[in-house]
Amino acid sequence: MSDTETDKSRDQEGLGAAGSQLSTAPQEDTATQPGLGVIGWARWFWRQLTSMRVALLLLLLLSLGAIPGSLIPQTGADASKVEAFRATHTTLAPVYDKLGLFHVYSSVWFSAIYILLFVSLIGCIVPRTWQFVGQLRGRPPGAPRRLDRLPAYTTWRTTAEPEQVREAALALLKKRRFRAHTAGDAVAAEKGYVRELGNLAFHISLIVLLVAFASGQLFKSDGTKLMVEGDGFSNALPMYDDFKSGSLFHNDDLVPFSFDLLDFKGTYELTGPSRGTPRTFEAKVDYSEGAYGRTRSKLVQVNEPLKIDDAKVYLVSHGYAPVITVRDSKGEVVYQDAVPLLPLDGNVTSQGVVKVMDGYHDAKGKREQLGIRAFFLPTYGGGASVLSQFPALLNPVLNLEPYHGDLGVDSGLPQSVYQLDKKHMKGFKDAQGKQLRVNLKPGQTMKLPGGAGTVTFGKDVKEWAGFQIVQEPGGAWALGGALTAILGLAASLFIQRRRVWVRAVPGADGVTVVEMGGLGRSESAKVPEELGDLAGILYDQAPGAPDTHEDTSRAVPAEGAEK
């Protein structure tokens, strides 16, 4: 055995219990093979699963597993994108299906990692918590036999009595917020328990985050609703345009509330390089909680949702809804409504479809259906321009392209309200025999050929707002867990747990010999500095004897201590 290893062995023997339990970390088992039998293998597996390195490995795997969930379309988020991906990637799609990459967060492999990490953290935290509680209930260990083997050490001789030195040291250490007591001929003190508390808080907060994330996924609901100014909404499933929820969510879990969209306002930069950039999007709503709640007003803005219990109503989109009136050949109104059109670009060039399904008869009295493709430009640039030049209503123009025939809505097959199926439709022709297309300004009317009726672009152009209604019961817990994790990690990184001992005994010549030693969990310059500060204060209360030549100005490392 080398001299260095011999010195280390002697140091450990000299410190004894004084150097133990500076951390609640479990001791590593030096055995490399599990015991024989089923119990031995189970015990070995449990120790490996609850070790910190396995917990970190599982956390890394969980993070890596979430990457495909962000890059690959998920059925729970947008099933249409998944179908489009399958149609485009005919080779990869079957492989992704087998690996569960289209539903990562509910896949077997992701759930296995999640559960193993959960068990690992609990198995690691519970024993460490009990050990930490035991340390808090106990007292700091007594001074080791050889204080001069500690990393920080100093000594001097004084004419003060040993009892007086110990009393002064005890009072000084307690004043510095050490847990201190007298043990034999020395005072034992310890400080920095917040480090272990922060470490435990960090790991417990990870469990809280896991539980909050799981509950949020299982009990959440997420739906969208497009509302034109003047429309109302009640938080019931039939009112949603699109709705998805967790596997344990029930319709009765929806928070009861309703609201009306009174007005939407959007403002934009008028000049400069940022012309057309949105400045404000605001939706003024009146809402009430429950069936008989008092009506309140709220201005919903981007990133400033309407909050009602666990539900949040976000403003996520907007557009225009021109008011269109359709009359048949007899001049009777068969359709009149604000038609929401979907934006195509940043200047809100929009498109949509007007579908007249009932009540229309052509010039011959034949019952038909009308489908009118609509393109809307909030600011028409003139000429052959087909794109809006600005998102606000500076020069609005509505382009209409009418068709007649069978819309196919009676077939029972679902179809989009924003798309027109022209399979059984015929276009109205102009004087040159081409498809009729007419640009209208607010208040103007388009006449259908052959006296088939008219289509009027109303003077009032309404705006619509798209809302996302989200209900995630674990959001507050997740936020609390994240903040606690940050604070706990900071405490475990920047606070050091350390011990200080002060021994005062009569020397061979009857003069009191004072020894002070400090020990930290890891080597740090703060321990010798703190010990030197304490030694300086104690030296003022128990000054050195006239014949002493010891340097009492600072703490010095012990001879033979590791550097």
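The legends below describe close-up views of a predicted model. Local features need pLDDT of at least 70 and side-chain atom pairs count only at pLDDT 80 or more, while totals for chains, interfaces and linings use all residues. Residues are numbered from 1 along each chain as its sequence is written, and side-chain values use heavy atoms, with hydrogens and water left out.

View A. Strand β20 spans residues 453–471; strands (E, at least two residues) and helices (H or I, at least four) are DSSP runs numbered from the N terminus. Of its 19 residues, 14 are buried, that is, under 20% relative accessible area, with exposed meaning over 50% and partly exposed in between (1.4 Å probe, protein chains only). Two strands count as paired if DSSP finds at least two bridges between them. Strand β11 (residues 311–327) runs antiparallel to β20 over 15 bridges, and Arg-327 has Thr-454 as its bridge partner. Strand β4 (residues 221–228) is also antiparallel to β20, through eight bridges, with Thr-224 opposite Gln-468.

**View B. The hairpin of β19 and β20.** Four bridges join β19 (residues 445–448) to β20 in the antiparallel sense. Lys-447 stands opposite Thr-454. Four residues lie between the two strands, and Gly-450 has a positive phi near 70°.

**View C. A nonpolar surface patch.** Leu-57, Leu-60, Leu-61, Leu-64, Ile-67 and Leu-71 make a patch of about 570 Å². Patches take residues with over 30% relative accessible area and no salt bridge, joining like charges within 9 Å and nonpolar side chains (Val, Leu, Ile, Met, Phe, Trp, Tyr) within 5 Å. Accessible areas come from the Shrake-Rupley method with a 1.4 Å probe, and for residues only the protein chains shown count as cover. Leu-61 belongs to helix α3 (residues 52–71) and is partly exposed at 36% relative accessible area.

**View D. Salt bridge between Glu-401 and Arg-373.** A salt bridge is a side-chain nitrogen of Lys or Arg within 4 Å of a carboxyl oxygen of Asp or Glu; the whole structure has 18. In this pair the closest N and O atoms are 3.8 Å apart. Glu-401 is in strand β16 (residues 397–405) and Arg-373 in strand β15 (residues 369–377), so the pair ties together parts 28 residues apart in sequence. Glu-401 is buried at 4% relative accessibility, whereas Arg-373 is partly exposed at 26%.

**View E. Salt bridge between Glu-515 and Arg-503.** The closest N and O atoms are 3.9 Å apart. Glu-515 lies in strand β22 (residues 512–520) and Arg-503 in strand β21 (residues 498–506), 12 residues apart. Glu-515 is buried at 17% relative accessible area, and Arg-503 is buried at 10%.
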